[in-house]
Amino acid sequence: MGRWLARLHTLNPRWLYLATAILLIIPLVILIPMPRGSASRATRGLYDAVEAVPAGGIVMIDSSWDQGSRSENAAQLECVVRHLCQRRIRFVVTSLGTVFSPEFAQKTIEPIAAQAGYVYGRDWVNAGYVQSASGLAPVISALALDFHTIRQADVRGTPIGDLPLMKEVRTIRDVRLVYVVTYAPSPEWISFITGQFGTPVAFGCMSMMAPNYYTYIDSKQLCGMLIGNRGAAEYEALIRHPALGTRLSMAASFGNAAVILAAVVGNLGMWAARRAGRRGA
Amino acid sequence: MTDPLAVWVGAIVTLGVFSYLARDNPFYRLIQQAAMGVVVGITIVVTWKQVLQPMWLSPIQGALAGTRDWTGALWLLALVPGSLWYFQLSKKWFWVSTLVSGLFVGVAAGLAFKFRILLILPQIGASLKPLNPFAGPNGFTWEGFLDSSNNLLFLAALLTTLLYFFFSVKTENRWVRTPIRWGRLMIMVALGAMFGNTVMTRMSYLIERMQFLYEMWLRPLFPG
Amino acid sequence: MRRRAVWLITFGGGLFFLLEFLLPARTPEWLGGVGNPLTPFLPSATNFLIVVSAMAVLLGPLNLVRRYLGMIVRREQGRLEGAVFLVFLAVSIVAASCEGANIHRAFDTLYNALFYGVQTAFFASSMALLAFYLVSAAHRAFRINNLEAGLMMASAVVILLGQVPLGDWLTQGLPDAFQVRHAAQWILAVPNTGVQRAVEIGVCGGAFAAGFRQWLGIGATTR
Amino acid sequence: MQHADWLMAALMFAMAAAILGCLWRARRGHVPYVRRIAGVAEIERAVERATEMGRPVVFAMGFTDIQAIETHASLLILSHVARLAARLQTPLIVLARPGNVYPVAEETVRQAYVAEGVPDHFDAKEQVRFLSEDSAVYGMAVARLIEETRAGCALFFGAFEFASLLMTEPGARIGVLQIAGDPSLWQMPFFVCTCDKTIMGEEYYAAGAYVSPDPALRGVLVSQDIIKAMFAGLILLGVLAALLPGGAASWFVELLKHYK
């Protein structure tokens, strides 16, 4: 056993790469039912905030994710948009700072909105890319005061004034909730939206960034947050529509198990090698 | 996305990148440059189509054609600061570009003060957590005790971490050294949380790629 | 002279936004009850900043094009990569300009192949490479040889199990309070929150110090 | 709260006063006290150990460019390490990135050798190297160098992106003494489990100020301490006020709690 572990210690990493790839394919090929735990406080917070918006109310979604964080943000956008459609809440989508985001947002939202019978321009609008090379701070604080100055056309170039929904959205006070979904949502949203105007803000972020944001959940500066695919899976359970998040979260079980196993085996191997060395000496 | 050409190109690119694990190869570098080219190209077009055209060009056009307010023509003046950026291309005239980049530095600084104070004050208020387990409406309860213990631990983590990042105190004193040591251990627990979550994010990248390869590319190849 | 001009612009830009915040929405009646004079101009000022910053869009590309063209002309090493960059740059500008404009369907197909096939696939898979490295590093280099590393790893394992269904499955039989996802939530919400808030307070001080030095131009050489 | 209220404005002015006051004192020649950073002593020990083993010291810089303060602190530590290496006559290999940091790093090392009176021991071509602009390529090249030269110790100072693990993994495997410093906490977990000592968060800047002769850097550090003490004091007072019987000081608690 000891010698076997010691040999594992000097294994060619390529075998490990292959084993990881195979391990991660399994949950995609075979659907393994696994228990779903109750929703965390952060997920529940966002769900309750959406439930608090009356039907016909307007929510703003900032979908600023692109290829770099699609693996977690796509599911997070999908489940919230589905919930909004279930509750007949209208929404405006912006993409601050990332050029590729409007395309991803459009492709994610379009099928869900179409299925729910949402009409573009009346029930939802994709306002497109907002340049923010100068930093998010001035853009967010101006967006809160006057939406129409900062975005004058939607993603396809239609003037904002021609869209019926946008006639009702001038300042941040016309919006009931702001949901920011991207790799690492900027705390600027908290300061300049919740801090200055009191409109609740919720985040959807990569798991990696979540520990950082817990301090805002604790201080109630964020009304809710979806953390990685786990957050999306919990949300999907709340709206009773398991989809992408549930699937990816299940697959993540295998990924995490792979890392834990590798670390345990590695430490055991080192320990065995050290003991064998001591015996040899 | 379901475009067969896009799927096939995507699959080849993905496998090409993964081939880097087997050995360093030129294909990876070429694909990287191609992707950079696409990023830069699309950025230029999107910035034009979604920012400069509606926000800069159409007011000018409208003003010149008389369909919009004449003040739109003033946007032509924006070309002056806008063109200053390009002095960065010359070593000698680089300083001219600082006239415009300096403006953005100032704006960022001015807004940073507002941003930070608005962000930090609610957190100071939220840190004033009740510590007394007897203070609840029903006197002492186990839930209340548990909450106060958690609040105490939270405050200990907050204050010892602050002390750990305090550099102008003398550390010879045991009363200072022990909390600093505790601070470092608390930071380690938080780092563990960040670590676990970082691992999850990195794994999600791989899962997403596997899902793409399997569901978009392989499965449609073998229907049934 | 030059430095002073730049400094004046920097100072003015910051002053506008700072004063807008510091002045009240409306002065008290005994001071005339005037509204904040700067707030109405904030959206237009930002609009100007957006347009001017968007005008820098060609700066990076021009730099790259200049460098790669130079490489090709001088027949330096790496010119093949440079050429690939330039070709894809040109093709994607054409494809992105013509996409969605109903010129020809071929442009849409080409755009999709570039956007999803090349760009998305490349960046997503090069990030995925990190997952492979992570597993191999976990196996070969994550050594628990002191208290600190042990504490960190223990906390990480709880998080790793508590955030996925696997953890729920493993602790299924235990009473609710002992389920691993609660332990994970506890770590995130109690010790982690305390540490993150302390870091946040430190960052606040750092941001003020850096901001002041930039805004007032003190010791500008260090930043 | 669209505009500042009196408490916000007062706190902002207090912070400004702390910063400007400390800088003003530093300019007048007052050198404030900064405690010894444990990591810095560890670096000195590591370089000494490498000397005893007769193996080179490898110093890798982060990805930020020359204007960033992260780079500035990294250069300060580099200067310290270079002087130590020059004094002990230990070979030092510096890996610099981005392109605009490279010449500055070379100059920093040269000046350290001059200051120690051994300018001819400095070999620019061999000692300061530029590997790549690309994070992943840089990380792997650093790792390969540590492995090939069987470094006595490896020091990583700067802001490192995801490349941290690529750099430190082989060194950890073959048992090289490694010390890492990074101003952000994101890469720290990887450094903690592959390095022997870590310098994290603000400690990183403090280490730079500690080894630097510039009093202004220490002044800024002290001003940040004052700001932290201010907030810590508000929290402590608030917690104590809430503990007072009968809500005697509840106005103070309410004052701090009404921000949202």
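Two residues are taken to be in contact if their C-beta atoms, placed from the backbone, lie within 7 Å. With that cut-off, among the contacts in chain C with a separation of 6 or more, 17% join residues 24 or more positions apart. The model is a predicted one.

The secondary structure of chain C consists of 9 helices and 0 strands, so that reading from the N terminus gives α-α-α-α-α-α-α-α-α. For 223 residues the globule rule gives 17 Å, but the radius of gyration of chain C is 28 Å, well over that value, so chain C is more spread out than a compact globule. Taken along the principal axes, the box filled by its C-alpha atoms is roughly 70 × 70 × 45 Å. Of the 223 residues in the chain, 53% count as buried.

Chain C also touches chain B. The contact involves 96 residues of chain C and 90 residues of chain B. On the chain C side, at least two residues each are supplied by helix 1 (2-22), helix 2 (42-54), helix 3 (59-73), helix 4 (79-98), helix 5 (105-140), helix 6 (147-162), helix 8 (180-189) and helix 9 (191-215). Helix 5 of chain C gives the largest share of this side, with 23 residues. By residue type, the side of chain C that touches chain B holds 65 nonpolar, 26 polar and 5 charged residues.

Note on methods:
Residues numbered from 1 in each chain as written. Chains lettered and ligands numbered in written order. Predicted model: local features only at pLDDT ≥ 70, side-chain atom pairs only at ≥ 80, totals over all residues. Helix = DSSP H or I, 4+ residues; strand = E, 2+ residues; numbered from the N terminus. Rg over C-alpha atoms; globule rule 2.2 N^0.38 Å. Buried ≥ 20, exposed ≤ 12 C-beta atoms within 10 Å, placed from the backbone. Nonpolar A, V, L, I, M, F, W, Y, C, P; charged D, E, K, R; others polar.
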